[in-house]
Amino acid sequence: MMRQACVLGVDIGTSSSKGVLVTLDGTIVATATREHDARRPAPGHVEMDARVWWDEAAGIIRELLAAPEAGPVQAVGVSGMGPCVLVTDLAGKPRRPAMLYGIDTRATAQIERLTERLGGADAIRERCGSSLSTQAAGPKLAWLAEHEPQAVAGEWRLFQPSTWLGWRLTGAYYLDHHSASQCTPMYDAGTQDWYGPWAGEVATGLQLPPLVWPGDTIGGVTAAAAAETGLTPGTPVLAGTIDAWSEAISVGAHRVGDLMLMYGTTMFLINTVDQPLTSPTLWGTVGALPGTRNLAGGMATSGAITGWLRELFGSPGYPELLTLAEQAGPGAHGLLMLPYFAGERTPVADPDARGVLAGLTVSHTRGDLYRAALEATAFGVRHNVAAIEQAGGRVARIVAVGGGAQGSLWTQIVSDVTGLAQAIPAQTIGAAFGAAFLAAGAVGSPDIDRWNPIVETRTPSASARAGYDELYALYLDLYPATAPVVHALAARERHRATSSA
């Protein structure tokens, strides 16, 4: 039997790297995963060694190519978490570990100072689409200039996980427009180009990467990369983008009114809008595809909380925990959780927010705690959807994607809490699949509705809605009621860490 031609997608995520080998009609031939952990060397600091990204990607590619049914690879797509900050010299040698996206909250002082220097949050939003926040790359670069000037001395380059893979595969230095639009304040969302005055303000010496669109061919696999991966030299490599936007591509959620809801280590929401919209509590970005615009939000932890609880419980299987959580029932027997276990991104925008578990008694069980965590993320989704609608976005269709979308309980709780149905596609593997779809565009005209059709719809339960409305109101009250205490605790921890360093 003749093996079919394939495309390959690789994604670098927060807790793992993933790859997928797909035929040109969208059939998955093989998948591969490498687990990893981010380093947290100080409170608010979250980093990774870029060498891990390449080593894992090369290993994944070799594994996929060795699959029994693997056919010749026609093109390669890449994606990764972001916006991250990896600074290198002009030869591409990293000068320090990469600083991760909004879960790295170290640059709060730089956010305040830059906002003032650049004319205020409104002026920055008007030009860039988003305010400065822990999600933005610019303040992290300003932090490096202040605290580690050797990292940004002389001339240097800036990479994201996806562009680091692209660089290692082809030698091309570039950044896609969407990722650039999250490098606030360096990118002008109106002109869709770098804004020199503000880029110079935060990134003196940076050799600004040429801008491309996700899906553009950036080059061919070099002989050196071919030797490390097993790919054929010259194989086209396509520019990808930040993983959440690649996930949206993987399920076709880029039509006006679509909301991609990503169930992963963090929770991400991307609403496609018909015109540029901005919000003090959300991110306004250019889309992954030319001509599209987005309002986006992201929770700092979601699956990270359930994984943490699982570890505390002695690492039972997820099916067991989900069964216990289902038995606990709506409301988790009187528990209410704030899911701010690594600060919170949107719509709270508070790096010093912390997780809170209210209503705890000695009679509560593992199932109750796990249920409370699932419900907390659902309340966070509802809070973000409300912010999107307040900013002028319209949610006509929700498409769920990511590992957490594969089971029914978590998605059902989110639908019950929000009152919104969710479309479940056949494949929820996510960003790597989206990168492979973009790669297929280099050799054909793939149709995402054929590659990944919707196979199920999760509808909200009317009987659960009233109870969840009451709990949501308490959820909104719980953050301001506890913020002074958790802020004081966060400050104490920073002082302790600084004193012991």
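Contact here means heavy atoms within 4.5 Å. Keep that in mind as you work through this predicted model.

**Exercise 1.** Find which residues glycine 219 touches, leaving out those up to four places away in sequence.

*Solution.* Start with the location: glycine 219 belongs to strand 13 (residues 217–220). Next, list the contacts, which are Thr170, Thr235, Pro236 and Val237. Finally, check accessibility: with a relative accessible area of 23%, glycine 219 is partly exposed.

**Exercise 2.** Describe how the axes of helix 13 and helix 16 cross.

*Solution.* First, the axes of helix 13 (residues 408–418) and helix 16 (residues 462–500) come within 7 Å, crossing at roughly 70°. Angles of 65 to 115 degrees count as roughly perpendicular, so helix 13 is roughly perpendicular to helix 16. Now look at who makes the contact: helix 13 supplies Ile413, Asp416, Val417 and Thr418, while helix 16 supplies Ala464, Arg465 and Tyr468. Sorted by class, that gives four nonpolar, one polar and two charged residues.

**Exercise 3.** Work out where the salt-bridge partners arginine 465 and aspartate 469 lie, and how exposed they are.

*Solution.* Begin with the distance: the closest N and O atoms of arginine 465 and aspartate 469 are 2.8 Å apart. Both residues sit in helix 16, four residues apart, about one turn of the helix. As for accessibility, arginine 465 is partly exposed at 27%, and aspartate 469 is partly exposed at 30%.

Terms used
Residues are numbered from 1 along each chain as its sequence is written. This is a predicted model: local features need pLDDT of at least 70, side-chain atom pairs count only at pLDDT 80 or more; totals for chains, interfaces and linings use all residues. Side-chain values use heavy atoms; hydrogens and water are left out. Axes are lines fitted to C-alpha atoms, for helices over the stretch in contact, and angles run from 0 to 180 degrees between N-to-C directions. Helices (H or I, at least four residues) and strands (E, at least two) are DSSP runs, numbered from the N terminus. Angles under 35 degrees count as roughly parallel, over 145 as roughly antiparallel, 65 to 115 as roughly perpendicular and the rest as oblique. Ala, Val, Leu, Ile, Met, Phe, Trp, Tyr, Cys and Pro count as nonpolar, Asp, Glu, Lys and Arg as charged, and the others, Gly among them, as polar. Buried means under 20% relative accessible area, exposed over 50%, partly exposed in between (1.4 Å probe, protein chains only). A salt bridge is a side-chain nitrogen of Lys or Arg within 4 Å of a carboxyl oxygen of Asp or Glu.
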